[in-house]
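Subject: Structure handover

Hi,

Here is the structure you asked for. Please open it and keep it beside you as you read on.

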Amino acid sequence: MAVVFSKPKALTDAPLHYCPGCTHGIIHRLVAEAIDSLGILDRTVGVAPVGCAVMSYDYFSCDMVEAAHGRAPAVATGLKRAMPDRIIFTYQGDGDLASIGMAETVHAATRNENITVIFVNNAIYGMTGGQMAPTSLPGQVTQTSPYGRDVKTVGYPIKVCELLSGLDAPEYIERVAVNNVKNVMKAKKAIKKAFQNQIEGKGFSLIEVVSSCPTNWGMTPQKALDWVESDMIPYYPLGVYRDKSAKEAE
Amino acid sequence: MYTQILIAGFGGQGVLFAGKVLAYKGLTEEKQISWLPSYGPEMRGGTANCSVIVSDTPVGSPIVHDPDILVVMNLPSFDKYENAVVPGGYAFVDSTLIDRKSERSDISAFYIPATKMARGLGIPTLANMIMIGKVIRETGVISMDGLRDALAKTVSAKHQDLIDANLKAIEAGYSFEG
Amino acid sequence: MAKVLMKGNEAIAESAIRSGCRHYFGYPITPQTEVAAYMAKRMPKIGGTFLQAESEISAINMVYGVSSAGKRVMTSSSSPGVSLKQEGISYLAGSDLPALIVNVQRGGPGLGGIQPSQSDYFQATKGGGHGDYRLIVLAPASVQEMADLTSKAFDLADKYRMPAMLLADGTIGQMMEPVELPEEKTDGFVEKPWAVTGTGGKREHNIINSLYLVPEELEKKNLERYERYKLVEQNEVMVEEYLTDDADICVVAFGIAARVSKNAINAARAKGIKAGLIRPITLWPFPKDAIKKAAEKVKGFISVELSMGQMIEDIRLAEECRKPVVLCNRVGGMIPSPDEVLSAIEKAEGGEF
């Protein structure tokens, strides 16, 4: 019988701990598929964040390092400098990448460090139970913004792709979403490209994946995906923000 | 022999370099050596000093509190360290920049118009080496033999052309009578 | 090999390179900047990495990355910068990763000053970061030891899979002395099958990690680590004893304080006072046995420190409070003069503890 669907080799058999309806599972799979399709599983090292994806070191079957909160790009820099022929990726959430680890993110980008960064933006701190994230939307109610994010006192959300696009160095920056099949297919293409860029030595590639957190948003999975479409994507427009090689080729 | 040397002046006068020359030369004479700079946020213009110890036995503390040999190139340093010189010790004073004599009768003091001499010789930045020349002459803490080799090690690779000027300054100080 | 004249900080850098370290990450801070400057010059010429990180925090995490890859790696800083590195050091310890951290100490707390100090003793020897862990802490007292102990630190860190710290001070870092550099290490490196170098399709994936959510597992990890620490305590204590055989007064001092103390001890001996010195070279493991043995025959101890009295607590623990221990110290970047130490010795000789 022909096998038409199977688990990617880049994922282990460990059952994922993510909540029902969480999109981390989809994003893990997209990363694993990219690794499989590029044939780089045996020479890839991943860096897990602190946040919901902390235990992704158990889920990806490549070698894995667990980094301190926000430090994944620095750890990845060390790994890449020590092993330039290996493929290094980080998998980080919004608190990890855009709050506590902002310096590491910006500086890895401005060095055009030849690594791949998968940035999962679900506008909330999930693992600690739903606190306000640097990407929580204006007015968004969270445990630490119980009256809604008040931009006058806590400021506006950080738009990571827009911010990093202000730098000269980064090779590739794209924002995708995983709220419907069409967007998932686009995300798959983007993630693969981010790894392909590294293989070709092009430099820093970051894919922001607009994602959902039904549990902490207090929504059903379907409603959460709808909210991604109605509220998240208008604030975080999808698309390619930087493609240095393509631009140079023009 | 356990000779403790303190060289002090303004940053930019080359007091650290002068100490280094003594240290490198001492090393080639197979002496035990330590060289310790004062360090601070002032890169230029502030006070600078360095402690150098040249010894036949292992060097203990590298910090010179009571020098056998004091070399001073500005008045504040002379005021600060004059009384620290051990009885029977030496003070070398750049008399172009310091217009007073030592109040000590139990030390040998020498007054060298080093800054003026350096200008006259067309090597205005090498008053420090003129002072060192006089130190060598009066104390014999290091020898003049093989000085060129020691200088070659002290001077950075891109400044090797300055060795002759340094030697000229040291010789001028060495021959200075006074 | 002939001796060369070098600054302590430069000796660390050159010795690290000769010990097989090809990756250095740092951030500018006085008085250790020469280490970074030296690395910046040398590393690109030998195919190594010098990277000025965006922060001390990033630097130590880059170290974490290289160490995860199984390679020798170091960072250096001075007191305030080392405080910033503590998070990463705790993670290194928790992930059983070897690395060298150099602290060329300056006065504190806070921004403090830039003059020499030994007031990071507690931080270095008692933890510094969160959690139960130890660092191997080596305290050089000369430029020669800056070189020797750097190379030793790499070996010990690899052997016991734990971070090591070279706890120096601004004086030893800034001073020049003749030094015989170690030979280039080309073999005898410890195998690191745990490193994340890519599975190569030949093994299960390796994971470098310090997270254990099951308390029984985390407890087991801690217990295993402390078994290793016990071996370090048994095998790796380094101490110098100077004129202790017949000593009545025992000075205990490390680093620059030990250098000053030697002068004072010589002066005391010249006056007929039987003083001696115990100089811990490893601050952890602390040379407890040497102190305990001395306690059997000396009248008392003097702890000479550039701090408000930190090592003195370890001396008291080691000698089990059998003899009096007094502190002779200067702080804030000041260094006690040999005369100050001598006067403490004379007081002790007179029974004033």
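This is a predicted model: local features need pLDDT of at least 70, side-chain atom pairs count only at pLDDT 80 or more; totals for chains, interfaces and linings use all residues.

Beyond its neighbours within four places in sequence, C:Val251 is in contact with C:Ser261, C:Ile265, C:Ala275, C:Leu277, C:Ile302, C:Val304 and C:Ile345.

C:Val251 and C:Ile345 also turn up in the largest nonpolar core. That core has 247 residues. Both are listed among those with the most contacts inside it, along with residues such as A:Ile118, B:Ile130 and C:Leu100. Helix H6 (residues 143-160) of chain C gives the core its largest share, nine residues. Domain 1 (4-198 + 222-235) and domain 2 (240-349) of chain C each supply at least three.

Next, look at where chains C and B meet. Here 17 residues of chain C are in contact with 15 residues of chain B. Which element of chain C gives the most to this side? It is H9(C), with four residues. Helix H7 (170-174) and strand S8 (176-179) of chain C also give two or more. By type, this side of chain C holds nine nonpolar, four polar and four charged residues.

Last, go to helix H5 (residues 147-154) of chain B. Its buried residues are B:Leu147, B:Ala150, B:Leu151 and B:Thr154. They lie on the same side of H5(B), because they span an arc of only 100 degrees around the axis. In an α-helix, residues three or four places apart point the same way, because there are 3.6 residues a turn. The cover over the buried residues of H5(B) includes helix H1 (15-28) and helix H6 (163-175) of chain B.

Best wishes

Terms used. Residues are numbered from 1 along each chain as its sequence is written. Chains are lettered from A and ligands numbered from 1 in the order in which they are written. A residue is buried if 20 or more other C-beta atoms lie within 10 Å of its own, exposed if 12 or fewer, and partly exposed in between; C-beta atoms are placed from the backbone. The arc is that of the directions from the helix axis to the C-beta atoms. Two residues are in contact if their C-beta atoms, placed from the backbone, lie within 7 Å. Ala, Val, Leu, Ile, Met, Phe, Trp, Tyr, Cys and Pro count as nonpolar, Asp, Glu, Lys and Arg as charged, and the others, Gly among them, as polar. A nonpolar core is a set of buried Ala, Val, Leu, Ile, Met, Phe, Trp, Tyr and Cys residues joined through C-beta atoms within 7 Å. Domain bounds come from an automatic or database domain assignment.
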